[in-house]
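Let's take a walk through a protein model together. Keep the sequence and the 3D view open, and follow along as we go.

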Amino acid sequence: MDPALLKERELFKKKALTTPTVEKKKAESKPEPSKDEKKKSKPSVSSNSAPKLDINTYKTSTGSTQYRFGVLAKIVKHMKTRHQDGETYPLTLEEILDETNQLDVGNKVKQWLQTEALLNNVKIEATPDGKFLFKSLYKLKDRKSLLKLLKQQDLKGLGGVLMDDVQESLPHSEKALRILQNQNEIIFITRPMDKRKVLFYNDRTASLPIDEEFQKLWRSVAVDAMDDAKIEEYLDKQGIRSMQDHGPKKPMAPKRKKPGTRKKTFKKPRDNEHLADVLETYENDTLTQKNSV
């Protein structure tokens, strides 16, 4: 073997012996923790962390506007139903919530209903003692009050009353309307525009016997597509004067005259009027002086 290589080998061994070495120890294998230890090792939820949002609690929360108006709509519907059933006496807010099965309503919603929502609702009327009842369009108690209303409408020329308003205002309206119809006291007419029924008083004193031929001719004329202006124009062409409005006319308000620009006239002052008794004339003196000269 080459002596140079042997020498280098010996130098490498010496150098290796002089340099310190650190051996890495193998990590000791720890035993797997048991189930109880795993449960204990789980991080506990801090008290500051916010709870999860539940959909049901959100819908019924006191701050939800949708929930508030849902409670109000249920109250109005119940008050209308009990009025149509003949229960027209007022109720307190607690009694209303009890009848509508809404006793779990929060204090904020109760305060809102008592002081704002029910007071400002057009279908709810508040009594002086703090109770509430349904506010109908017409104050009707029985069929006699309904017949009186229809007579007043007919006498004043106001026309009929919508069936929906009568059914909302009159308790047990179906029975009352059936009796009045059997007695031939009322007339139903369906409006062609929206198919809503209108109730009129049947004034039998104004009924006149009309020949059937005239009735047939009257019904044969179609005027659905014609307005009042076209009908009036047609009658004028046929030499028939249409009925004009001869009712009392409103007095015309007098027109105010615009203020004109007046020319200012100044009086010419007369000379020395205030010294009329003091002034003297010297005409004679001046003449004598001239003659003497």
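H7 and H9 are oblique to each other, a word used for angles left over once under 35 degrees is called roughly parallel, over 145 roughly antiparallel and 65 to 115 roughly perpendicular. Before going further, a note on what you're looking at: this is a predicted model, where local features need pLDDT of at least 70, side-chain atom pairs count only at pLDDT 80 or more, and totals for chains, interfaces and linings use all residues. Residues are numbered from 1 along each chain as its sequence is written, and side-chain values use heavy atoms, with hydrogens and water left out.

Back to our pair. Helix H7 covers residues 143-155 and helix H9 covers residues 173-182; they pack at an angle of about 60°, with their axes 10 Å apart. Helices here are DSSP runs (H or I, at least four residues), strands are runs of E with at least two, and both are numbered from the N terminus. The axes are lines fitted to C-alpha atoms, for helices over the stretch in contact, and the angles run from 0 to 180 degrees between N-to-C directions.

Which residues of H7 and H9 make the contact? On the H7 side they are Arg143, Leu146 and Leu147, and on the H9 side Ala176, Leu177, Ile179 and Leu180. Contact means heavy atoms within 4.5 Å. Sorted by class, the residues where H7 meets H9 come out as 6 nonpolar, no polar and 1 charged. For this sorting, Ala, Val, Leu, Ile, Met, Phe, Trp, Tyr, Cys and Pro are nonpolar, Asp, Glu, Lys and Arg are charged, and the others, Gly among them, are polar.

Now find helix H4 (residues 65-84) and helix H6 (residues 107-120), whose axes come within 11 Å and cross at roughly 60°. H4 and H6 are therefore oblique to each other, and H4 passes H6 in a right-handed crossing. Among the residues that meet are Leu72 and Ile75 in H4, and Trp112 and Leu113 in H6. By class, this contact of H4 with H6 has 10 nonpolar, no polar and 1 charged residues.

Some of those names come back in the largest nonpolar core, which has 19 residues; Leu72, Ile75, Leu113 and Leu118 have the most contacts inside it. A nonpolar core is a set of buried Ala, Val, Leu, Ile, Met, Phe, Trp, Tyr and Cys residues joined through side-chain atoms within 4.5 Å. Buried means under 20% relative accessible area, exposed over 50%, and partly exposed in between (1.4 Å probe, protein chains only). H4 gives the largest share of this core, 6 residues. A second, separate core of 15 residues includes Leu140, Val166, Leu177 and Leu199.

Finally, look at two loops. Most residues other than glycine have a negative phi. Asn101, however, has a positive phi near 55°; Asn101 sits in the loop between H5 and H6. Is Asn101 buried or exposed? At 67% relative accessibility, Asn101 counts as exposed. Asn184 also has a positive phi, near 60°, and lies in the loop between H9 and strand S4 (186-190). With a relative accessible area of 40%, Asn184 is partly exposed.

How values were computed
Left-handed = near helix turned anticlockwise from the far one by under 90°.
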